[in-house]
Amino acid sequence: MASISHSPSAFRGTSASDLLRSSSNGVSGIPLRTLGRARFSSKTKDYAVIAKIRKVKKQEYPWPDNPDPNVAGGVLSHLSPFKPLKEKPKPVTLDFEKPLIGLEKKIIDVRKMANETGLDFTDQIISLENKYQQALKDLYTHLTPIQRVNIARHPNRPTFLDHVFSITDKFVELHGDRAGYDDPAIVTGIGTIDGRRYMFMGHQKGRNTKENIMRNFGMPTPHGYRKALRMMYYADHHGFPIVTFIDTPGAFADLKSEELGQGEAIAHNLRTMFGLKVPIVSIVIGEGGSGGALAIGCANKLLMLENAVFYVASPEACAAIL
């Protein structure tokens with residue numbers, strides 16, 4: 001520690017203005033001219049620093065509790081590229097589609113009988129197929145609102161990445177919110193169509209139970225929205241048009257997401273999208289639930305696929321409120 005030793009005579013001939021000027025230069029009450037005549041002495045002390053490492057529970061959020069041991073890095077297994085499923089998805093029949101199952105079974109039985117007996121059942125097969133097509137048309141022409149919701153939630157409905165890989169010539173996925181997390185429920189990346197680059201982002205649901213758990217059923221945490229926000233700034237800087245795909249029941253509403261600022265992340269995205277200079281096109285490919293959908297849905301043009309839904313709150317949530 002350095003100390004300044006001086007005598008009262010050192011301040012003789014020093015004006016008040018000198019003292020004020022010297023105090024503004026970081027030394028209170030000591031004029032700068034006096035510092036040149038001051039004698040400095042140093043005193044040293046020995047210090048001992050003892051540090052204890054406290055064991056705490058490892059934070060697993062939002063990483064999976066059981067990381068894949070076969071992937072280097074384990075917890076980063078969800079960053080692997082989107083690949084075709086090894087097994088074909090099982091057919092799923094909705095409740096209101098069950099009347100069509102009887103006609104399908106009759107057509108299969110008649111064709112099987114024709115193959116086994118060698119008889120000509122062409123007229124019967126054509127008649128049954130016409131009945132099936134007419135029943136299918138009548139059914140989907142007069143759908144009720146809840147039936148449309150069920151179709152929008154169909155497990156075998158194409159996901160965001162299914163659409164992107166179908167319409168782009170090349171797609172490169174971009175990861176991370178630059179704050180240490182990468183939410184797999186929102187996927188972002190740059191893709192090219194006819195030689196022009198676009199920024200794609202959207203909610204990603206799983207194609208089976210394992211993927212749905214990994215993707216959190218398409219319900220993003222604040223990290224997902226902040227990742228999307230980062231890509232919006234990136235696209236605006238480089239002049240890439242933004243195309244968003246909406247397919248989520250809503251933002252993930254657990255306690256941890258609220259603690260990390262779920263509402264703030266959504267509000268920040270809303271404010272930012274209103275001020276971007278590049279054009280934004282949003283497409284609802286499944287269900288668009290509340291603010292979780294709006295966080296990437298404030299666009300210059302909003303489109304919806306057939307039998308897609310966009311609502312303030314899900315029917316189940318509305319029923320619970322009422």
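Guide: Start with Thr93, in the loop between strand 2 (39–42) and helix 3. One caution: this is a predicted model.

Visitor: What makes Thr93 partly exposed?

Guide: Its relative accessible area is 38%. Buried means under 20%, and exposed means over 50%. The value for Thr93 falls in between, so Thr93 is partly exposed.

Visitor: Which residues does Thr93 touch, leaving aside its neighbours within four places in sequence?

Guide: Lys98 and Ile101. Pro155 is 62 residues from Thr93 in sequence, and the two C-alpha atoms are 10.0 Å apart.

Visitor: Why is Pro99 called exposed?

Guide: Pro99 has a relative accessible area of 63%. The cut-off for exposed is over 50%, so Pro99 passes. Pro99 belongs to helix 3. Its C-alpha lies 9.6 Å from that of Leu139, 40 residues away in sequence.

Visitor: How do you know that the length of helix 3 is close to the expected one?

Guide: Helix 3 covers residues 98–117, which is 20 residues. From first C-alpha to last it reaches 29 Å. At 1.5 Å a residue, 28 Å is expected.

Visitor: Which residues of helix 3 are buried, and what puts them on the same side?

Guide: Leu100, Leu103, Ile107, Val110 and Ala114 are buried. They span an arc of only 85 degrees around the axis, so they sit on the same side of helix 3. An α-helix has 3.6 residues a turn, so residues three or four places apart point the same way.

Visitor: Which exposed residues are on the face of helix 3 turned away from its buried side?

Guide: Lys98, Lys105, Ile108, Asn115 and Glu116. On the buried side, the cover includes helix 4 (122–141).

Visitor: Why are helix 3 and helix 4 called roughly antiparallel?

Guide: They pack at an angle of about 165 degrees, with axes 10 Å apart. Angles over 145 degrees count as roughly antiparallel, so the label applies to helix 3 and helix 4. The contact includes Leu100, Leu103, Ile107 and Val110 of helix 3, and Ile125, Leu128 and Tyr132 of helix 4. The crossing of these two helices is left-handed.

Visitor: How do you know that the buried residues of helix 4 line one face?

Guide: Helix 4 has 20 residues and reaches 28 Å, close to the 28 Å expected. Its buried residues are Ile125, Leu128 and Tyr132. Seen down the axis, they fall within an arc of 65 degrees, so they line one face of helix 4. These buried residues pack against helix 3. Asp123, Lys131 and Lys137 are exposed on the face turned away.

Visitor: What covers the buried residues of helix 5 (145–152)?

Guide: The cover includes helix 4, strand 7 (280–289), strand 9 (309–311) and helix 12 (315–321). The buried residues of helix 5 are Gln147, Val149, Ile151 and Ala152.

Visitor: What makes helix 8 roughly parallel to helix 10?

Guide: Helix 8 and helix 10 (residues 262–275) pack at about 20 degrees, with axes 9 Å apart. Angles under 35 degrees count as roughly parallel, so helix 8 and helix 10 qualify. The contact includes Pro222, Tyr225 and Met232 of helix 8, and Gln262, His268 and Met273 of helix 10. Helix 8 passes helix 10 in a left-handed crossing.

Visitor: Where does Asn216 lie, and what is its phi?

Guide: Asn216 is in the loop between helix 7 (209–214) and helix 8 (222–238). Its phi is positive, about 55 degrees, although Asn216 is not a glycine. Phe217 is in the loop between helix 7 and helix 8 too. Phi of Phe217 is near 55 degrees, also positive in a residue other than glycine.

Visitor: Why does Phe217 count as partly exposed?

Guide: Its relative accessibility is 42%. That lies between the 20% and 50% cut-offs, so Phe217 is partly exposed.

Visitor: How many helices and strands does the protein have?

Guide: 12 helices and 9 strands. Of its 322 residues, 37% count as buried. Of the contacts with a separation of 6 or more, 69% join residues 24 or more positions apart.

Methods. Residues are numbered from 1 along each chain as its sequence is written. This is a predicted model: local features need pLDDT of at least 70, side-chain atom pairs count only at pLDDT 80 or more; totals for chains, interfaces and linings use all residues. Side-chain values use heavy atoms; hydrogens and water are left out. Helices (H or I, at least four residues) and strands (E, at least two) are DSSP runs, numbered from the N terminus. Buried means under 20% relative accessible area, exposed over 50%, partly exposed in between (1.4 Å probe, protein chains only). The expected span of a helix is 1.5 Å times one less than its number of residues. The arc is that of the directions from the helix axis to the C-beta atoms. Contact means heavy atoms within 4.5 Å. Axes are lines fitted to C-alpha atoms, for helices over the stretch in contact, and angles run from 0 to 180 degrees between N-to-C directions. Angles under 35 degrees count as roughly parallel, over 145 as roughly antiparallel, 65 to 115 as roughly perpendicular and the rest as oblique. A crossing is left-handed if the near helix is turned anticlockwise from the far one by less than a right angle, and right-handed if clockwise.
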